[in-house]
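Here is a short report on one helix and what surrounds it. Please look over the sequence and the model first.

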Amino acid sequence: MATTPTSLQMRMAPENSQLTELINGDGDFNESGFEDFIRGTAATASIPVIAIVGPQSSGKSTLMNHMFRTDFRVMNAKTGRRKTTKGIWIAKAPEMEPLTVVLDLEGTDGRERGEDDTTFEKQIALFAIAMADTVFINMRYSDVGLEQAANRPLLKTIFEAMLSLFSPEKTTLIFVVRDNDNKTGTPSELLERDLKEDIDKIWEEVPKPTGHEDTPLTEIFDVLSPSII
C-alpha cells in the first residue's frame, strides 16, 4: 500500500462528523487530510476507534450511519449493486461522548477487483484491525454455515493479523447478521450456535506463532453475542 499520496480529492461531510477519505481505492494515504482530521480533534489520552468490515453491498455504511450518525456514502440500489466505499473513510461520531472515531472500509468479495486481487482488501483490513478497539463483522444471513462464505477469508485475515500484533489489549468483535427474513424458520439461537462453530473452526485453522499453538480465541478477542437483524 502506498504511503505518500500524489493528489487526493477529499470529500467532506457536515462539519460535525468531518468525514475524510483516509486511504483511496488505489491505496494512497491521505496525509494532509488525516492531519486536518487530527487537528480538528480535541486532545485526549485515548480515542475509541470503531471499524466495520464485510462483503461489498452488505449495508456496512448504512449501519454505521444509523448507529453513529455519520455521513458515509451509501449504495443506491436503483443504479446497480456496485462498490460504493473505496479504500478507507474516517469520521467522527458527532453525537457520542467521549469522542469516537469510526472507520468505514471497502467491502470484500467485490467483482470490481476480481478473485485474484484480494491483496488490497487484506491490507486495509489489517490497517483497520491495528487501529480499532471494536470491529463490526457485517455478514449476510445466507453466509452462516457456508464453507465458502465471503467472510471466511476475511475472518482468517483478521485472526492472523491479531496474532501477529499480539497486543495485550483485546479487540472486541461484534458480528452483525443481516437480511434475516426468517424464511428458513431457523431459530436465532441455532444461528448463533452455527456462527460460533464457524468462528471456532476458523480460529483452529489459523497458523499460530510458536508458543501460542493452544492460545484460545478469548485471549485476544472479546466476542460479543451476534446481533441478528
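Which residues of α2 are buried? They are K60, S61, L63, M64, N65 and F68. Buried means under 20% relative accessible area, exposed over 50%, and partly exposed in between, with a 1.4 Å probe and protein chains only. Helices (H or I, at least four residues) and strands (E, at least two) are DSSP runs numbered from the N terminus.

This is a predicted model, in which local features need pLDDT of at least 70, side-chain atom pairs count only at pLDDT 80 or more, and totals for chains, interfaces and linings use all residues. Residues are numbered from 1 along each chain as its sequence is written, and side-chain values use heavy atoms, leaving out hydrogens and water.

**The chain**

The chain holds 5 helices and 8 strands. Their order from the N terminus is β-α-β-α-β-β-α-β-α-β-α-β-β. Of its 229 residues, 45% are buried. Among contacts (heavy atoms within 4.5 Å) with a separation of 6 or more, 70% join residues 24 or more positions apart. The accessible surface is about 12200 Å², and carbon and sulfur atoms hold 49% of that. Areas come from the Shrake-Rupley method with a 1.4 Å probe; for residues, only the protein chains shown count as cover.

**Around α2**

The cover over the buried residues of α2 includes β2 (49-53), β4, β5 (134-140) and β6 (171-178). Just after α2, R69 takes a positive phi of about 60 degrees. T70 lies in the loop between α2 (60-68) and β3 (88-92). L103 sits in β4, residues 101-105.

| Residue | Relative accessible area |
|---|---|
| T70 | 8% |
| L103 | 0% |

T70 is buried. Its side chain makes a polar contact of 2.8 Å with the side chain of N65. A polar contact is a pair of N or O atoms within 3.5 Å; within protein, one must be able to donate a hydrogen and the other to accept it, and residues adjacent in sequence count only if both atoms are side-chain atoms. Beyond four places in sequence, T70 touches M64, N65, A91, K92, A93, P94 and V102.

L103 is buried too.
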